[in-house]
Amino acid sequence: MPNTARVNGPSKPLVDMHPIARVSVGQILGLVEAIDEVGGTADAATISQEVEMDIDRLGPVIDAAEFLGFVKVSDGDLTITDLSRKVLHANVRERKKIIRDIVDDVPIFKEVMRMAKSARRPLSREEVLGAIAAQVGTHNADDFFKALVYWGRYTELVSYDSESEELTLRAPPA
């Protein structure tokens, strides 16, 4: 059975990192804030104008926000969730923890974290790419690797040294 996010996270199984592979935390939070500012529900076209972003460019941000459980999408309407309200009112440390709990449940992320824990040493970029490619294919592996590093750094679960090309687990803050 696929993994699902923890309490108050997404209700759908988290299959992969496609929705968050090319989107930043700032873009997602900006979307959630824009929806909140217009009352918590708005159609995608209105939000597109509100954030001054073409609807085609906004689409991946909406997908990522939905993937993380921050918005619900129904017939073109976007509605923020209780989780997104919690994130909006949280301090930076609390935001990172909320997002860490969600991202940590993504199977690819979970597999790389398991590999790093069992290896008890930094993982090379090639090792991580190999693990990712085994799950999503080589054509998506590099994008997923970049997403894993970005989201892992943001949530303070990993560090990545671009010179040595090594991924290291970090102990999450208390």
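A salt bridge is a side-chain nitrogen of Lys or Arg within 4 Å of a carboxyl oxygen of Asp or Glu. I start my notes with that rule, and I keep in mind that this is a predicted model.

**Entry 1: salt bridges**

I searched the whole structure and found nine salt bridges. I looked up three of them.

Asp82 and Arg85 sit three residues apart in helix α4 (residues 82–88), so about one helical turn separates them. Asp82 is exposed, at a relative accessible area of 65%. Arg85 is partly exposed, at 34%.

Then I took Lys110 and Asp105. Their side chains form a salt bridge with an N to O distance of 2.9 Å. Is Asp105 buried or exposed? I read 7% relative accessibility for Asp105, so it counts as buried. Lys110 is partly exposed, with a relative accessible area of 32%.

Lys146 and Asp142 make another bridge, with the closest N and O atoms 3.2 Å apart. Both residues belong to helix α8 (residues 138–154). They are four residues apart there, about one turn of the helix. Lys146 is partly exposed at 49% relative accessible area, and Asp142 is partly exposed at 28%. Which residues are linked in a network of salt bridges? I noted Arg125, Asp142 and Lys146.

**Entry 2: helix α1**

Next I checked α1, residues 25–37. This helix has 13 residues and spans 18 Å from first C-alpha to last. That is close to the 18 Å expected at 1.5 Å a residue. I listed its buried residues: Val25, Ile28, Leu29, Leu31, Val32, Ala34 and Ile35. Just after α1, I saw Gly39 with a positive phi of about 105°.

**Entry 3: the sheet and its helices**

I traced an open sheet of three strands in the order β1-β3-β2, with antiparallel pairing. Its edge strands are β1 (41–43) and β2 (71–74), and each pairs on one side only. On average, neighbouring strands of this sheet are turned by 25° against each other, direction ignored.

I followed β2 to strand β3 (residues 77–80) and found antiparallel pairing over four bridges. Opposite Val73 stands Leu78 in β3.

Which strands does α1 lie across? It lies across β1, β2 and β3, and runs at about 95° to β3. Helix α3 (residues 55–67) lies across β2 and β3, running at about 115° to β2.

**Entry 4: the hairpin**

I moved on to strand β5 (residues 158–161), where the side chains alternate. Val158 and Tyr160 point to one face and are buried.

β5 pairs with strand β6 (residues 166–169) in the antiparallel sense, over four bridges. Ser159 has Thr168 in β6 as its bridge partner. The two strands, β5 and β6, form a hairpin with four residues between them. In the turn, Glu165 has a positive phi of about 55°.

**Entry 5: the core**

Last, I looked at the largest nonpolar core, which has 59 residues. Which residues have the most contacts inside it? I wrote down Ile28, Leu31, Phe70, Ile132 and Trp151. Helix α8 gives the most to this core, with eight residues. Ile28 and Leu31 were already on my list of buried residues in α1.

I then looked up Ile132. Leaving out residues up to four places away in sequence, Ile132 touches Ile108, Val112, Gly137, Ala141, Phe144 and Phe145.

Methods:
Residues numbered from 1 in each chain as written. Predicted model: local features only at pLDDT ≥ 70, side-chain atom pairs only at ≥ 80, totals over all residues. Heavy atoms only, no water. Expected span 1.5 Å × (residues − 1). Buried < 20%, exposed > 50% of the residue type's maximum accessible area, 1.4 Å probe, protein only. Pairing = 2+ DSSP bridges. Core = buried A, V, L, I, M, F, W, Y, C linked by side-chain atoms within 4.5 Å. Contact = heavy atoms within 4.5 Å. Axes fitted to C-alpha atoms, helices over the stretch in contact; angles between N-to-C directions.
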